[in-house]
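Please keep the sequence and the coordinates in view while reading.

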Amino acid sequence: EVHKSHHTLKGCVTSGPDGLQLLNEGNHRIYALTGVTANVKAGDIIRVHGSKMKHGKDAAGDQDFAVEKVTRDYGACMAPIAPQHAAGY
């Protein structure tokens with residue numbers, strides 16, 4: 001049996017300083033998306049198939065994920081609830 005979970009990611013897509021990023025639901029890491037991202041848009045929850053790209057030990061920043069295809073689009077991400085500030089209290 002071949003375990004292919006390391007070739008798929010599911011999470012919320014956001015726009016980062018260097019392009020699209022995905023916050024993985026599984027390990028809560030941020031991956032910079034490269035490759036086939038034409039159908040990927042910020043604000044959607046998607047599942048993508050591809051390969052994690054390894055960084056060197058001293059490399060800083062997000063890990064890259066080379067997208068081969070978008071396997072499913074789940075719709076809009078859940079908006080984070082912003083803290084409410086009490087005015088005048």
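Where is the place of serine 51? In this predicted model, serine 51 belongs to strand β4, which covers residues 44-53.

**Serine 51 and its surroundings**
- Leaving out residues up to four places away in sequence, serine 51 touches His7, Asp64, Phe65, Ala66 and Glu68.
- For phenylalanine 65, the separation from serine 51 is 14 residues in sequence, while the C-alpha to C-alpha distance between the two is 5.7 Å.

- Strands of a sheet pair through backbone hydrogen bonds, in either a parallel or an antiparallel arrangement.
- β1 and β2 run antiparallel and are joined by six bridges, and the hairpin that joins β1 to β2 passes through two residues; valine 13 has leucine 22 in β2 as its bridge partner.
- β2 and β3 also run antiparallel, here with three bridges, and leucine 22 has tyrosine 31 in β3 as its bridge partner.
- β3 pairs in the parallel sense with strand β5 (residues 63-76) over five bridges, and glycine 35 stands opposite valine 67 in β5.

- In soluble globular proteins, nonpolar side chains tend to be buried together.
- The largest nonpolar core here has 10 residues in all, namely Leu9, Val13, Leu22, Tyr31, Leu33, Val40, Ile46, Val48, Phe65 and Val67; β1 (8-16), β3, β4 and β5 are the elements that each give two or more residues to this core.
- Valine 40, one of the core residues, is in contact with Val13, Leu20, Leu33, Ile46 and Val70, when its neighbours within four places in sequence are left aside.

**The disulfide**
- How many disulfides does a search of the whole structure find? The search finds one, and this disulfide joins cysteine 12 to cysteine 77 with an S to S distance of 1.9 Å.
- The link of cysteine 12 and cysteine 77 is right-handed, with 110° about the S-S bond; because cysteine 12 lies in strand β1 and cysteine 77 in the segment after β5, the pair ties together parts that are 65 residues apart in sequence.
- Cysteine 12 is partly exposed, with a relative accessible area of 22%, whereas cysteine 77, at 19% relative accessibility, counts as buried; the two values fall in separate classes because buried means under 20%.

**Histidine 28**
- Histidine 28 is found in the loop between β2 (19-24) and β3 (30-35), and the hairpin formed by these strands has five residues between them.
- Most residues other than glycine have a negative phi. Histidine 28, although it is not a glycine, has a positive phi of about 60°.
- Is histidine 28 buried or exposed? At 61% relative accessibility, histidine 28 counts as exposed, because that class begins over 50%.

Definitions and conventions: Residues are numbered from 1 along each chain as its sequence is written. This is a predicted model: local features need pLDDT of at least 70, side-chain atom pairs count only at pLDDT 80 or more; totals for chains, interfaces and linings use all residues. Side-chain values use heavy atoms; hydrogens and water are left out. Helices (H or I, at least four residues) and strands (E, at least two) are DSSP runs, numbered from the N terminus. Contact means heavy atoms within 4.5 Å. Buried means under 20% relative accessible area, exposed over 50%, partly exposed in between (1.4 Å probe, protein chains only). Two strands pair if DSSP finds at least two bridges between them. A nonpolar core is a set of buried Ala, Val, Leu, Ile, Met, Phe, Trp, Tyr and Cys residues joined through side-chain atoms within 4.5 Å. A disulfide is a pair of cysteine sulfur atoms within 2.5 Å.
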